[in-house]
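Me: I have a model open and would like to learn to read its features. Can we go through them one by one?

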Amino acid sequence: MNYCLTLPGGKQINIKFSFLGELSLYRRYKSCISQSPSQHLKLGLLKRVFINAAMMQLLKRVFINAATFKKANVNTPCAFLQLSINAFDYNCHVDLIKLLRQEGKLHRLRKARQKMSELFPLTEEIWLDWLKDEIRLTEDESDREKVYELFKRAVKDYVCPEIWLEYVQYSIGGMGAQGGIERVRSIFERALTAVGLHMTKGASIWEAYREFEILLNAQLERIHTLFRRQLAVPLMDMEGTYAEYSDWADDGVPEMVTRQYRRALQQLEKGKPFEEALLVSEPPKLAEYQAYIDFEMKEGDPARVQIIFERALAENCLVPDLWIKYTTYLDRQLKIRDLVLSAHERAVRNCPWTMGLWKSYLLALERHGADHQTVTDVFEKALNAGFIQATDYVEIWQSFLDYLRRRVDFKWSRELDELRAAFARSLDYLKQDVEERFSESGDLSCTIMQIWARIEALHCKNMQKARELWDSIMTKGNAKHANMWLEYYNLERSYGDASHCRKALHRAVQCTSDYPEHVCDVLLNFERVEGSLEDWDAAVQKTETKINRVNEQRVAEKEALQARQEEEKVEHRRKAKADKKGQKKSQKVNRTGDKRKADDEYEEEWGEDAGMDEELFKLRNSIVTATEELMETESGLFGRRAPPRKTEPPGFRKNQRGSSEAPQQPQDVSKEQRIDENCVFVSNLAFNLDDPEGKLRALFQGCGTVQQVRPVFSMNGVFRGYCYVQFEDRLAVPEALKLDRKEVDGRPMYVSPCVDKNKNPDFKVFKYKTAMEKHKIFISGLPYTCTKETLEDLCKQHGTVKAIRLVTNRSGKPKGLAYVEYENEAQASQAVLKMDGSMLENFTLSVAISNPPSRKMEDKGVPSRLLGAAMPRQPQGARGKGRTQISLLPRSLYRQSTPDAKAENGTISAPHTTETDGVHGGPGTTSPDTQSKSLSNEDFARMLLKK
């Protein structure tokens, strides 16, 4: 399908549409740009962006061929099309100006620059190009006046010494005209006021001014005055200016000028560090300018504060906070009308999307007595600025309505009618334009209507209108909020009557759902003061009925929530169990049935060891720690989670080990060559890990030169899940420890120092703090599918998140617990207040400051491990048997250990000694040096007969 497209400038080309949708899109574009500006804005920002992008793709795709595209010179028309759709596209304005300047179309170039200058402040480069082009076209005096007007506009956008120099040089060229010299001097004085305090570039303006006066053979006193004024200002290379003045002055430099010069030098020395920081830093240098501004504000010189603000804004013109800081300073300190209003105007032109700047501009206009039409025009521009939030439009309307209310003399009807019309227009604007653009009005609590109702009640004495407004407020979904009804009640209480107060409170009790108890109390208190007995009875009956109904609803909601959470827990357990069965089936390790069963029961019983908040884990952690202390570093026979097996004589086990494990560890070396300081202990590896030595060697190779990897195998040649990695240099050990919790074949690998617990009984492997950390929060109740990214997005709303740790079990599966570290205590406290009790994927979160309970089992030895029935239930028995097997030693032979009893390396310290297998010579036998007296047969007999 062919369609004729007329480009700007009159050119026509044929467009081939591939389907009807493209033709519909083009017609929609034509109808869009033919509408009035106000209707165009109603289309909304998202719609304009969609049309813009779609039209550009269409134009690139539907030209018949590349030759036609090039022949039509479509770059410039495309820019015109894009600006017709979105006039606030800054980059498109710049591109269009460059294209028109290359083509030499000066008339259209002038219009493009004019259009852009109406919407945005122009940069120094754009202004200089524009001025140079216009200066070349100057033919007569009338053209010079146009260039002068253009210079006046150029120096208003930003403080640019180069533009001021161009301005004074151009004015010098016209000093031959009538009053030309005075005009040049006037421009020089304005330039000195604007940029004469610029510490690095201000000296060029002073020198140009002096050279101009010397060229005119002006009076010596005028030149003296310029020297004295310049030497009183801290400028770079002012020493050379002082030397020049000393040579030029016949009578020498006056004492007063010397004092001012020295004072300026001191100020220069104070400012030099900031100027040097600006010189070496990269644009936009915002942090350096902020420090410079703070320094000048402490010094307290308004002129110097102003110049440093202007310099900062020239390089950071799109930073709203900097504009807000500058305009606030001008409003509170200088209070000069022209200066203040000019700064506000430039601020909203640079950052039109920032509502706070428009709000401050309206207040400044009112504060400095601007006429009503000017304020109204600025407000209309603010509505078309394209704010990014619906609430911004509500606030700008509130500011304008406040201005109109302050203008009203309620004895006259003209201003009051204008105010009422503005209120009505604001409600229509929020309902139509804002809701169409953002899908919400931005004024959920109807603040504008509340203000209108209060004005009608207070100033106009029109309670009927106020009640109508409040009826409208309640119909917009606010009837369920207690605070809205109490606002209405307070209005009736202040300006209405008791009958309407009672009616409002009765409606509030009936409709409120968030804080019904509070509304009921207000109604009862009102009837105590105002009502009769019948009114009191009716209020009591109504409030009791409401409270009972609310309590029933809350109980039902709580039960439903608990039932839903219980169903989710059951479903999660079912899935976890199914996943675990699948993992067991996929394992190809040939283990005996009893051994596999014992390991599985142990895994289900104890879980993982990262959650310091649970008492169950603390008990298990102590037992595992004690087991590690008994583990022989090189034999690998007493490793963690050893499977149950028959008890053989020590000699048999040693020989068996030597025969079965020797082939599995060909790299074994003598104990003299094994250095614990150069080793790390690696655990929690998968039993079915293929080639553990090769994988770990490759994994730890980046930490340093690996001397040997010693995996530990069982008697049957099955990998036990842990090993030792020894480096040539002990400096590699800290780097290796950084790999702790790194995932290897789907399981977190635990890396800890290789320490002999017999020599270092107080050594602790757990690397996380167990004391209260006020800047860290503990979260429980998380969904098992929650990731670090999801949790970070949730937590960063309340402060800066430094670290997140998701607690997992030994197999790497999450437990629904996490620790989140914030930058400071205040942010952590705020997160607890906001997040505790909140919902995440239908899970209720419990949030508190991180304060793990103290670890109760910190015994250095094996705590009550050898006491048989006197010890807590353990994964395995006291003699390596299954934990379900009972001890056959009579209870009378056990001595219950006191809480202070501590065991170390299989011995019990006196005097609280518990002896279990002393007669058998097993592992529980006390050593001669710790046993004060051995027991005789008579002692055993008395113990057996003891009741």
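Me: How many aromatic pairs does the count come to?

Reply: Some ground rules come before the number. This is a predicted model, where local features need pLDDT of at least 70 and side-chain atom pairs count only at pLDDT 80 or more, while totals for chains, interfaces and linings use all residues. Residues are numbered from 1 along each chain as its sequence is written, and side-chain values use heavy atoms, with hydrogens and water left out. Rings of Phe, Tyr and Trp (its six-membered ring) pair if their centres lie within 6.5 Å; planes under 30 degrees apart are stacked, over 60 edge-to-face, and the rest tilted. By this rule, the count is 31 aromatic pairs. One of them is Phe 188 with Phe 212, a tilted pair at 5.8 Å centre to centre, with 35 degrees between the planes.

Me: Where in the chain do Phe 188 and Phe 212 lie?

Reply: Helices (H or I, at least four residues) and strands (E, at least two) are DSSP runs, numbered from the N terminus. Phe 188 is in helix H11 (residues 180–195) and Phe 212 in helix H12 (residues 202–215). The pair links distant parts of the chain, 24 residues apart.

Me: Are Phe 188 and Phe 212 buried or exposed?

Reply: Buried means under 20% relative accessible area, exposed over 50%, and partly exposed in between (1.4 Å probe, protein chains only). Both Phe 188 and Phe 212 are buried.

Me: Which kind of pair do Tyr 242 and Tyr 261 form?

Reply: Tyr 242 and Tyr 261 are stacked, 4.2 Å centre to centre, with 10 degrees between the planes. Tyr 242 lies in helix H14 (residues 238–248) and Tyr 261 in helix H15 (residues 255–280), so the pair ties together parts 19 residues apart in sequence. Tyr 261 counts as buried because its relative accessibility is 9%.

Me: What sits over the ring of Tyr 170?

Reply: A charge sits over a ring if NZ of Lys or CZ of Arg is within 6 Å of the ring centre and within 35 degrees of the ring normal. Over Tyr 170 sits the charged end of Arg 144, 4.2 Å from the ring centre. Arg 183 lies over the face of Tyr 148, at 4.1 Å from the ring centre.

Me: What does Ser 850 touch?

Reply: Contact means heavy atoms within 4.5 Å. Leaving out residues up to four places away in sequence, Ser 850 touches several residues, including Ala 771, Phe 778 and Tyr 819. Ser 850 lies in strand S13 (residues 846–850). Its relative accessibility is 1%, so Ser 850 counts as buried.
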